[in-house]
Amino acid sequence: MDRKLAAILAADVVGYSALMERDETGTFERLTAIRRALIEPEIAKRRGCIFKLMGDGLLAEFGSAVDAVECAVSLQRALNERNAEVPQSERLELRIGLNLGEVIVDGDDRYGEGVNVSARLQQLADPGGICISGKVVREVEKTLTFGFESMGEQQVKNIAEPITVYRLVQEGTSPEARLARPPALPNKPSIAVLAFENMSGDPQQEYFADGLVEDVITNLSKIPSLFVIARNHLRL
């Protein structure tokens with residue numbers, strides 16, 4: 001069994017089923033055209049390789065985390081430019097997840113937790129957005145100039161340990177616009193921990209209050225049946 005370290009990009013089309021229901025032929029033709037004219041050439045340009053197509057989604061492998069991140073940003077920027085001239089009902093938007101991990105090589109296919117985590121991250125991404133694991137951020141933060149906004153530790157389906165997740169902040173995306181979007185929630189009970197207020201009057205206790213909140217979030221994240229919402233997702 002061959003294994004190797006790889007950066008995995010997972011992408012799918014937002015609301016694809018609804019788009020197909022409204023216009024099956026047109027949606028399929030638009031997706032095929034975008035895949036051939038934009039997605040496949042951009043992945044190849046960044047020395048990546050698509051190893052699985054899944055209807056409206058795909059999985060691609062990169063030898064470099066930097067290449068994977070730059071590819072994801074280029075794809076989202078190009079799609080955003082295309083969509084500016086397309087009616088709202090016909091727009092195709094991607095959600096992208098990126099992870100760095102060990103994968104099992106089976107011919108042209110790839111398996112393992114490195115692949116599975118990238119698919120779960122993609123499900124957490126906003127339309128037109130990119131979610132990245134902490135492993136990727138550590139690899140690229142000193143090389144690339146993009147911003148990375150913490151989403152905290154996220155417990156995702158079929159992955160035992162919580163994943164440290166970041167949202168890539170693309171140019172022109174304001175914090176207000178990001179907070180205006182509701183968080184992507186999985187189909188299971190969700191919980192959020194609000195900040196604790198220091199009522200002692202002693203400023204030194206602020207650190208204790210913050211640490212207590214983080215401990216509560218960390219312990220709740222270990223419960224597989226719960227989805228713990230990062231504090232930066234809360235809108236009060």
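The largest nonpolar core of this predicted model holds 38 residues, and Leu 9, Val 69, Ile 96, Leu 98 and Ile 132 touch the most other members. A nonpolar core here is a set of buried Ala, Val, Leu, Ile, Met, Phe, Trp, Tyr and Cys residues joined through side-chain atoms within 4.5 Å, with buried meaning under 20% relative accessible area (1.4 Å probe, protein chains only). At least two residues each come from β1, α1, α2, β3, α3, β4, β6 (130-133) and α5 (134-140); α3 gives the most, with ten. Helices (H or I, at least four residues) and strands (E, at least two) are DSSP runs, numbered from the N terminus. Val 69 is in contact (heavy atoms within 4.5 Å) with Leu 98, Ile 132, Val 136, Val 140, Leu 144, Phe 146 and Leu 168, leaving aside neighbours within four places in sequence. Another core, of eleven residues, lies apart from this one and has Cys 131, Val 156, Ile 163 and Val 165 among its members. In soluble globular proteins, nonpolar side chains tend to be buried together.

Next comes helix α2. Its 22 residues (24-45) should span 32 Å at 1.5 Å a residue, and the end C-alpha atoms sit 30 Å apart, which agrees; the expected span is 1.5 Å times one less than the number of residues. There is a bend of about 45° at Arg 35, taken as the angle between axes fitted to the seven residues ending there and the seven starting there. Arg 35 is also one of the buried residues of α2, which include Arg 30 and Glu 42 as well as Leu 31, Ile 34 and Leu 38. The buried residues of α2 pack against β1 (2-13), α1 (16-22), β2 (48-54), β3 (57-62), α3 (65-83) and β4 (94-106). After the helix comes Arg 47, with a positive phi near 65°.

Asp 12, in strand β1, is buried at 13% relative accessible area. Not counting residues up to four places away in sequence, Asp 12 touches Asp 56, Gly 57, Glu 93, Leu 94, Arg 95 and Gln 122. Its side chain makes a polar contact with that of Gln 122 at 3.0 Å; such a contact is a pair of N or O atoms within 3.5 Å, where within protein one must be able to donate a hydrogen and the other to accept it, and residues adjacent in sequence count only if both atoms are side-chain atoms. Arg 95 lies in strand β4, and its side chain reaches the backbone oxygen of Gln 123 at 3.4 Å.

Residues are numbered from 1 along each chain as its sequence is written, and side-chain values use heavy atoms, with hydrogens and water left out. As the model is predicted, local features need pLDDT of at least 70 and side-chain atom pairs count only at pLDDT 80 or more, whereas totals for chains, interfaces and linings use all residues.

Definitions and conventions. Buried < 20%, exposed > 50% of the residue type's maximum accessible area, 1.4 Å probe, protein only.
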